[in-house]
Amino acid sequence: EKGYETGEHAPGLKLGGCGAYKAAHHIIKTHAKVWHSYNNTWRSEQQGMVGISLTSGWGEPVDPHSQTDRDAAERYIQFHLGWFANPIYRGDYPEVMKNYVGKKSAQQGLGTSRLPTFSAQEKTYIKGTSDFLGIGHFTTRYVLQKSFPFLQVSSYHTDRDLAELVDPKWPAPGPKWLYSVPWGFRRLLNFIKTQYGNPLIYVTENGVSEKVQCTQLCDEWRIEYLKGYINEILKALNDGVNVKGYTAWSLLDKFEWNKGFSERFGFYHIDFKNKNKPRYPKASVDYYKKIISANGFPNPREVMS
């Protein structure tokens with residue numbers, strides 16, 4: 001969407017309400033081809049796994065008693081995660097996506113939907129092409145119904161008919177989009193379990209960047225973020241979600257999309273102005289080391305002994 005619709009990211013194309021859907025369509029078909037290639041050629045010898053990693057926030061209805069808000073929150077997830085996961089796990093785009101994009105395309109006077117379609121053959125070829133699901137997750141939004149007026153030029157954002165809100169009480173340690181809402185992660189993981197037949201999950205990205213650079217490397221709020229989110233993964237495991245591994249984002253400060261080096265997600269602070277790029281451990285390093293060595297939250301008495 002940012003690369004092929006708003007042009008915010010590379011390759012910087014502004015292709016209206018079609019570009020993102022076309023790009024995603026190619027990605028999904030290409031992913032399936034790679035999976036089949038591995039499956040047919042190397043799997044028997046190597047016994048490896050091929051999956052896909054998808055990043056998604058969680059959408060919570062503003063009013064859980066309102067059916068329209070619940071439907072809007074469902075659309076939020078289906079237009080994010082379901083866009084890619086549904087074809088791979090269930091054989092086609094989510095029904096709600098097909099309905100909404102189809103309806104808006106018809107209103108524009110287009111003969112066909114801006115959301116491309118898979119042939120029956122492609123659906124069969126794509127379904128089941130993931131040995132595990134990688135999940136990147138950072139934050140949550142409250143979601144409510146918002147009808148956009150009829151627009152000649154629709155977009156991925158207006159297709160969904162929803163608005164996103166945040167709770168001002170949520171901690172916002174990092175950039176303006178990243179609020180710390182640990183409970184959203186457990187809900188997302190349970191949604192995946194229910195929707196896609198409890199697939200094997202690896203958390204491939206989860207972390208937070210700093211808003212202001214702390215010269216003392218005292219990132220207590222990153223420690224709090226990790227503690228909260230990892231704890232919700234443990235709850236999801238108790239719910240029966242099949243989470244096999246966790247990867248924090250990220251080991252080092254690095255180049256982050258169009259934010260360059262200004263967004264620092266690392267456990268290690270990098271001095272980019274120094275030609276040798278020295279690395280300095282932030283406070284979260286010590287905390288995360290303890291979690292890794294204990295394979296969970298360490299018991300303080302055990303750490304002392």
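This is a predicted model: local features need pLDDT of at least 70, side-chain atom pairs count only at pLDDT 80 or more; totals for chains, interfaces and linings use all residues.

1. The four-stranded sheet. Strands E1, E3, E6 and E7 form an open sheet in that order, and the pairing is parallel. E1 and E7 (243-246) are the edge strands, each of them pairing on one side only. From one strand to the next, the twist averages 30°. E1 and E3 run parallel and are joined by four bridges; within E3, Ile135 is the bridge partner of Leu54.

2. Which helix lies across E1 and E3? It is H3, which runs at about 150° to E1. Helix H8 lies across E6 and E7, and its direction makes about 165° with that of E7.

3. The three-stranded sheet. A further open sheet has three strands in the order E2-E4-E5, with mixed pairing. Strand E2 (58-61) and strand E5 (162-165) stand at its edges; each has a single partner strand, so one side of each is left without a neighbour in the sheet. The twist here averages 40° from one strand to the next.

4. Pairing around E4. Strand E4 (residues 140-145) runs parallel to E2, and four bridges join the two. Two residues of E4 may be located through their partners: Tyr142 is the bridge partner of Glu60, and Val143 is that of Pro61. Towards E5 the arrangement is antiparallel, again with four bridges. Tyr142 has a bridge partner in E5 as well, namely Leu165. Readers may recall that strands of a sheet pair through backbone hydrogen bonds, either parallel or antiparallel.

5. Helix H3 (residues 67-90) lies across E2, E4 and E5, running at about 130° to E4. Helix H7 (residues 183-195) also packs on this sheet, where it touches E2 and E4; the angle between its direction and that of E2 is about 100°.

6. The largest nonpolar core. This core has 53 residues, of which Leu81 and Trp83 touch the most other members. Two or more residues come from each of helix H1 (19-41), strand E1 (52-55), H3, helix H4 (95-107), strand E3 (133-136), H7, strand E6 (201-205) and helix H8 (220-238). Which element gives the most to this core? It is H3, with 11 residues.

7. The surroundings of Trp83. With neighbours within four places in sequence left aside, the contacts of Trp83 include Ala20, Tyr21, Ala24 and Ile28. Gln78, Tyr93, Pro94, Met97 and Tyr156 are also in contact with Trp83.

8. Val285 is found in helix H9 (residues 283-294). Is Val285 buried or exposed? Its relative accessibility is 8%, so Val285 counts as buried, the cut-off for burial being under 20%. Beyond its neighbours within four places in sequence, Val285 is in contact with Phe267 and Tyr268.

9. The largest pocket. The space in this pocket comes to about 1800 Å³. It is lined by 43 residues, and the closest to its centre are Glu1, Lys2, His9, Thr55 and Trp257. H1, E1, H3 and helix H6 (156-159) each supply at least two residues of the lining. H3 gives the most, with six residues.

10. Cis peptide bonds. Most residues other than glycine have a negative phi, and most peptide bonds are trans. A cis bond joins Ala10 and Pro11, with omega about 5°; Pro11 is placed in the segment before H1. A cis bond also joins Trp249 and Ser250, where omega is about 5°. Ser250 lies in the loop between E7 and strand E8 (268-270).

11. Positive phi values. Lys277 is not a glycine, yet its phi is positive, at about 50°. This lysine, Lys277, lies in the loop between E8 and strand E9 (279-281) and counts as partly exposed, at 38% relative accessibility. Asn295, also a residue other than glycine, has a positive phi near 50°. Asn295 lies in the loop between H9 and helix H10 (300-304) and is exposed, with a relative accessible area of 74%.

Notes
Residues are numbered from 1 along each chain as its sequence is written. Side-chain values use heavy atoms; hydrogens and water are left out. Two strands pair if DSSP finds at least two bridges between them. Axes are lines fitted to C-alpha atoms, for helices over the stretch in contact, and angles run from 0 to 180 degrees between N-to-C directions. Contact means heavy atoms within 4.5 Å. A nonpolar core is a set of buried Ala, Val, Leu, Ile, Met, Phe, Trp, Tyr and Cys residues joined through side-chain atoms within 4.5 Å. Buried means under 20% relative accessible area, exposed over 50%, partly exposed in between (1.4 Å probe, protein chains only). On a 1 Å grid over the protein atoms alone, a cavity is a set of points where a 1.4 Å probe fits but cannot get out, and a pocket is an open set with protein on both sides within 12 Å along at least five of seven lines; lining residues have an atom within 4 Å of a point. Grid points are joined across faces, edges and corners, and a volume is the space filled by probe spheres set on the points.
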